[in-house]
Amino acid sequence: MVSLRKKLCLIGFDGLVPIENLGTAEFLLTSNLQKMSSGSLNAELSKKYGGIKLWVLIGISVGAFIVLILGILSIWAMFRRKSRRTLDKNSLCRIPNVSKEIRVDRVGDQSTNDHPETLFLNINDKSSDKNSEKIVHLGRSRSSDVDNVSQCSSIYHHERACSSQSGEEGSSGNARKQSSLSYGLVMPSPLIGLPEISHLGWGHWFTLRDLENATNRFSPECVLGEGGYGVVYRGRLVNGSEVAVKKLLNNLGQAEREFRVEVEAIGNVRHKNLVRLLGYCIEGIQRMLVYEYVNNGNLEQWLHGAMRQHGTLTWEARIKVLLGTARALAYLHEAIEPKVVHRDIKSSNILIDNEFNAKVSDFGLAKLLGSGESHITTRVMGTFGYVAPEYANTGLLNEKSDVYSFGVLLLEAVTGRDPVDYSRPANEVNLVEWLKMMVGNRRAEEVVDPNLEVKPTTRALKRVLLVALKCVDPDAEKRPKMSQVVRMLETDEFPYREDRRSRRSRTTSMDVESMKESCGSAETENRVEPSESHTSETNNA
Ligand SMILES: Nc1ncnc2c1ncn2[C@@H]1O[C@H](COP(=O)(O)OP(=O)(O)OP(=O)(O)O)[C@@H](O)[C@H]1O
């Protein structure tokens, strides 16, 4: 290189400045080049130095210079990208923490029973005759929900191996568990046709304008309902998909919290019986969540409210909805890590589609529970009548609280009664207590919703009551896991399959003694006749 430089000076390149004067740059060309005669230049350039022509050496030098510049540029770009990633991480503490490692699943739900819709309605002309305003929140003052769950921890939902779930049953039990814990679906996405935009690594990022357009500027006619944390609107995206838009109340701290909790709980999990969260909108202080639209009301409306004018939900429909709900909870509790405790299982949060599939919604109160945690301590939240007693009394929360709420839901669906109904005589106000009393007094058959035109068989009724009573056991430890609940309810859905199994084993877990045990003290003095468990089935479901 030094010899080359010397040579270039010799041949009169006034504009070529020695490298010492330029730092890392090799040479500068100046207009003097034009002054040179082209002949002598050619001759000089063709001379060889060390066997290589001068022009080749110049070419190599220029090439090396370009490579050097490119190298510097790419190192600079790499550093920039790294620092931007760190910035993003920090901002995820302000907006929902969603790990890109969250897995979207899974395989088909094999145990679904696809009854035709007509099976599910006893059509009647009764209009809504009951106001379902019963929702009383415990502590839903929307002040800070202090608990020991890290507010900013990143979350990793991953599917747990079915085999690792503690097997309280034998191997056949495990096999069934596997089938009842097989989830997810390949569903057409309501986001088809929309550009995939998200800065959370999940879902679709809607602009405020997108959602204004979808909901006719959040017009009152589009309101589906109002919950504790915001108003839900029905909307239509530009691609024609119907969505439900939850506009969180404009209180930044709480909106933020609710927003993050929902996203953490269901942002990246999919299950046929969980309402699907499609995306979000973050603009200024606005926080919105966009869900798939579920088009057939909710269980509360079907049992007590507006949907009753469309007919009475049949026993089969109720079981299908409850079974779907149980499957969703089994999934949240037993198939993903960390598990999700919903904390607000109640009939208005069980949406229903037009095939009477349940879609569990409203995860605004949900809590995540890591595998090492037996419970968390948290402010008591939930809905009066559904909250497990130990949680209400101590604030200690784990998935067994959801099991209790599910038990209340079962009783509500069987009886058509509200969990707490002050319009009834004193001994009937509390549904759970009344039910225990009725079963204890051998009056189980009288608890069935009088609106049901076709009553369930005695056997089916008792099976569901037994499951419900197990779920509302005051001792949380004795409550079944949701996967066990699923299996027990599936047995009700497929009674003949169970019949064969029962005959073979000459035993059934659904016997009257179990029901008696589950009723606890209420039943100790009032025995249920064993013969009742073998009552012939008069009403085939
Ligand atoms: N994805 C959805 N599709 C159709 N309707 C929905 C959807 N999500 C919510 N809704 C309806 O919007 C209304 C308000 O729902 P939201 O979950 O906010 O409150 P809630 O469950 O009624 O009350 P709370 O907040 O007290 O639990 C309910 O009637 C619910 O059925």
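Guide: Let's begin with Lys247, which sits in strand S8; strands here are DSSP runs of E with at least two residues, numbered from the N terminus, while helices are H or I runs of at least four. This is a predicted model, where local features need pLDDT of at least 70, side-chain atom pairs count only at pLDDT 80 or more, and totals for chains, interfaces and linings use all residues. Residues are numbered from 1 along each chain as its sequence is written.

An unreviewed UniProt entry lists Lys247 under "binding site", though such annotations may be inferred rather than shown by experiment. Lys247 counts as buried because it has 21 C-beta neighbours inside 10 Å; the cut-off for buried is 20 or more other C-beta atoms within 10 Å, with 12 or fewer for exposed and partly exposed in between. Setting aside neighbours within four places in sequence, Lys247 is in contact with Phe218, Gly230, Val231, Tyr233 and Met288, contact being C-beta atoms, placed from the backbone, within 7 Å.

Now for the ligand itself: 22 residues surround it, and the closest are Gly225, Gly227, Val232, Ala244 and Asp362. To be included, a residue needs its C-beta atom, placed from the backbone, within 6 Å. Strands S6 (223-226), S8 (242-248) and S10 (286-292) each give two or more residues to this shell, and S6 gives the most, with three. By class, the shell has 10 nonpolar, seven polar and five charged residues. Here Ala, Val, Leu, Ile, Met, Phe, Trp, Tyr, Cys and Pro count as nonpolar, Asp, Glu, Lys and Arg as charged, and the others, Gly among them, as polar.

Definitions and conventions
Contact = placed C-beta atoms within 7 Å.
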